[in-house]
Amino acid sequence: MARLVKSVVEMEGRISERWALVEDDEAAEPWPDPLDGDFAAVGRPAPRLDGAKRVTGQARYTVDIQLPGMLHVEVLRSPFAHARVKSLDVEQAKTVPGVRAVLTPDSPAGAEGGSCAGLLFAEPDYAGCPIAAVAADTPEAARAGVIALSADIEQLPHILDYEEALSRELFEMDPRETLRGDFESAYAAADARVELTFETPTEIHSALEPHSCVARWDGDELTVWASTKAMFGTRAGLARAFGMPQDQVRVLVEFVGGSFGAKAAAGKEALFAAELARQTGRPVRVANDRHAELNDTGNRPPTRQTMRLAGNKDGKLVAVEAESLIGRGSPGFGASPAFVLYRVENVYGLDASLKLNVRPANAFRAPGTMERITVLEQAIDDLALELGFDPLEFRRRNHVDFDQASGEPYSSKALLDCYERVAELAGWAERDRLLRPHPDGLLRGMGCATQIWGGGGGPPSHATIRLGGDGIATVVTGIQDVGTGTLTAAQVVAAEELGLPVAQVRVTGGDTQPNIYAPLAAGSMTVPSVMPAVRSAAAVVRRKLLQLAGDVFEVSPDDLSIREGQIRSKDRSLDRPYSEVTEKLGNATIDGSGSRGPNPTGKRVNTFGCQIAQVAIDTAVGEVRVEHVWAVHDVGRVVNPLGASSQVEGGIIQAIGFALSEDRVFDPTTGAPTNAWLDDYKVPTIADTPEITVDFAHKPDYELSNVGSKGLGEPPIIPTAAAIVNAFRHATGRRVTGMPMTRKRVLEALA
Amino acid sequence: MEVSLLVNGESYRLDLPPERRLADVLRDDLGLTGTKVACGEGACGACAVLVDERPVNACLLLAAAVEGHDVVTIEGISRDGLTALQEAFIAQDALQCGFCTSGQVVAATALLAANPSPTSEEVRVAMAGNICRCGCYVKIERAILSVAEGVTV
């Protein structure tokens, strides 16, 4: 029976209560603990189901879509951080052979009365901001069309500096304060105090498949291939823009070449492509080149943060103050993780997003949390050392088992297990041995950091399963697998609950047409939201399959069970392959559907974890190398340990880029980035990769769902950078002033 | 201009603008979209193909420049089914989004052809020109080493 219930859902720090449809769950019984249970699929390594397509080049991404008569689009972008477009010669551009349509800021677009304002700008306020778009038969003709616009662009004064924006009170939104207890009194009365100011870099997603979209109209129906993490959001956005029902828009995202937080909703690419396709009657492709990708697809915003912490001789934290200046846009910068990670009664927070002339930020893997944990965890280390405590022991002493912002207990929290395990793996107790001289002349040290993140997911989320006469079970989901392996996780969960071999289970996603909803691939939500629905649907199909088996084998279905495709009676007198049942189906199918239940009431769902990093420092040239990272996270039940370890390794490697090499560098004259190409914007390579050791707490969250899995996409990126810089301090006794830890910053710290 | 190409053992005669890049010819004219273009400036290795068994970035090469040379793309490598290296990439989970994977497989295939028993360090040097933003490097290294000669996994 279907019910509408109110459920609290968290996404990237934003809490909302909303109505959600839930249905009776056939899989109400929780699976046992990983160590107690006898699982055929869950918890065993599963190679990704579409691996063969991806290693042979057969996987078709949006940029690979070629349609007959397809037009190509070139976008004119501002070369200055602030400018005014004085003129565009649209008529001249239209005379270029092959040019079919031109969009400018005041071009009509979308539904009646709509325009390109908000997509194209006559007064661009960051470099790379789009001004006009030209569609043509070939990419070359589109580029010629942009040149023929003969844009007359006047440079205006720009601001790239926090202090200047602050002194002129140029805020992107009103500064936000957080208060709990009495920070100043507690800080003044404490036994020890530390203060730290630290800058974090602009980090750009740099997914290797660029933002891209292909749009085609068939009458009043729109089909869109999009490189997006949010196909239902893209569908809704296009339907809204063109004033049409959602069922006339179909969004396809079979393969996505990375997201990391970007590629959300119907972006400029989708809206340009759909509008230009409508105007020309031809299919249209919009795809960024790498320069546009690095300039205008969003980024993690740069910050300058100051934190003051105070604690007492008994090893207790008593006060935390955290102030952040954020370089334009503040996705995820809601309630600070600095006020809930450890037990503390007195906090003060101030977050101010400044309206600099830089590309506004968007979500990047653990937005707002990774940046602030990077600074908090340095201050925690400093305070521990000031008070004479081992940094890991200090963190244990300030452990808290409820959410201090809401007063509610956590649905599960195995952070203490993570501390114990990661310390054991890394040999934390002997870390001071690294301080002895090394034959290679490098300094070495080891540091740790803790992580908190949401990742509980929630309703609505649905799945349907059909088991056919060929013995193949097809799971239909609304998953957009941006590379995280969520389709494979669904295959594992379905196989376990169905009692079928993994190879007999197919999983589809990436298409809005079946209208089977799943949330966007964000907030570490896919596994905790979709897997319970898959399990629930699989339970329905299994029950029906065993009923039919009862008919075929003339026994009571209550006496039957199925595992890895073998149907057995309790006394094992019957032991037959399930194909003896399904082969009798003919063209009929056994169908089941399931949906995600509500989130627990009065409980907060969070992921936790701790990482330890070992670094080596060449003091002659100021080079820092990460040698080993040990990571242990509490993400509830791990469905597929192979894919899960890949997620952790990937998060750690992206964080190494944030810590050591990635940043946007500006030309002060134009205000434009000088390193908007992949040879200058330095993402980590295989040569920068440390040894990585991954483990999990393996404690299912039974309060959360029938699967007990929390999300894993974001947690691993959160603590790495802090662990690296804490290792640097362990090795050198010094602090750098910011990240990336360039040679200049390192040599200044060592001077 | 008229250009004769040998790609994956097939001969093609094409009429191309002289400035047309090999990557665009492969993807747009021959429909071989397994070769990806991610940076377009030779910085990421996603467009790697074999030219006379050596890995090159097809985004930096004019199509006309490979006339008379033997070009093999990821489709050519995969023509007789999965190679042991590709099997290892799947088994070790040496891929996530997969967009860089064609280039990784091409570069690793060339490495193993030239040096069937590379050390870990040699793998890291040979593969440093292939960016994987998902960060699959630990498993890429493991996959390559697992099929190196004399290694049983």
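## About the model

This is a predicted model, where local features need pLDDT of at least 70, side-chain atom pairs count only at pLDDT 80 or more, and totals for chains, interfaces and linings use all residues. Residues are numbered from 1 along each chain as its sequence is written, chains are lettered from A and ligands numbered from 1 in written order, and side-chain values use heavy atoms, leaving out hydrogens and water.

## Where the chains meet

Chain A brings 51 residues to the contact and chain B brings 42, contact meaning heavy atoms within 4.5 Å. Together the two chains bury about 3800 Å², 57% of it on carbon and sulfur atoms; buried area is the accessible area (1.4 Å probe) that two parts lose on being put together, summed over both. Gln96(B), Arg133(B) and Tyr137(B) supply 21% of the area that chain B buries against chain A, more than any other three residues.

Five salt bridges cross this interface, each a side-chain nitrogen of Lys or Arg within 4 Å of a carboxyl oxygen of Asp or Glu. Lys36(B) forms a salt bridge with Asp64(A), with the closest N and O atoms 2.4 Å apart.

## Aromatic pairs

Over all chains there are eight aromatic pairs (ring centres within 6.5 Å; planes under 30 degrees apart are stacked, over 60 edge-to-face, the rest tilted). Trp31(A) and Phe39(A) have ring centres 6.1 Å apart and planes at 90°, so they pair edge-to-face.

The rings of Tyr61(A) and Phe255(A) are tilted, because their planes lie at 50°, with centres 5.7 Å apart. Ring pairs link these two residues and Phe99(B) into a cluster.

Notes
Rings of Phe, Tyr and Trp (its six-membered ring) pair if their centres lie within 6.5 Å; planes under 30 degrees apart count as stacked, over 60 as edge-to-face and the rest as tilted.
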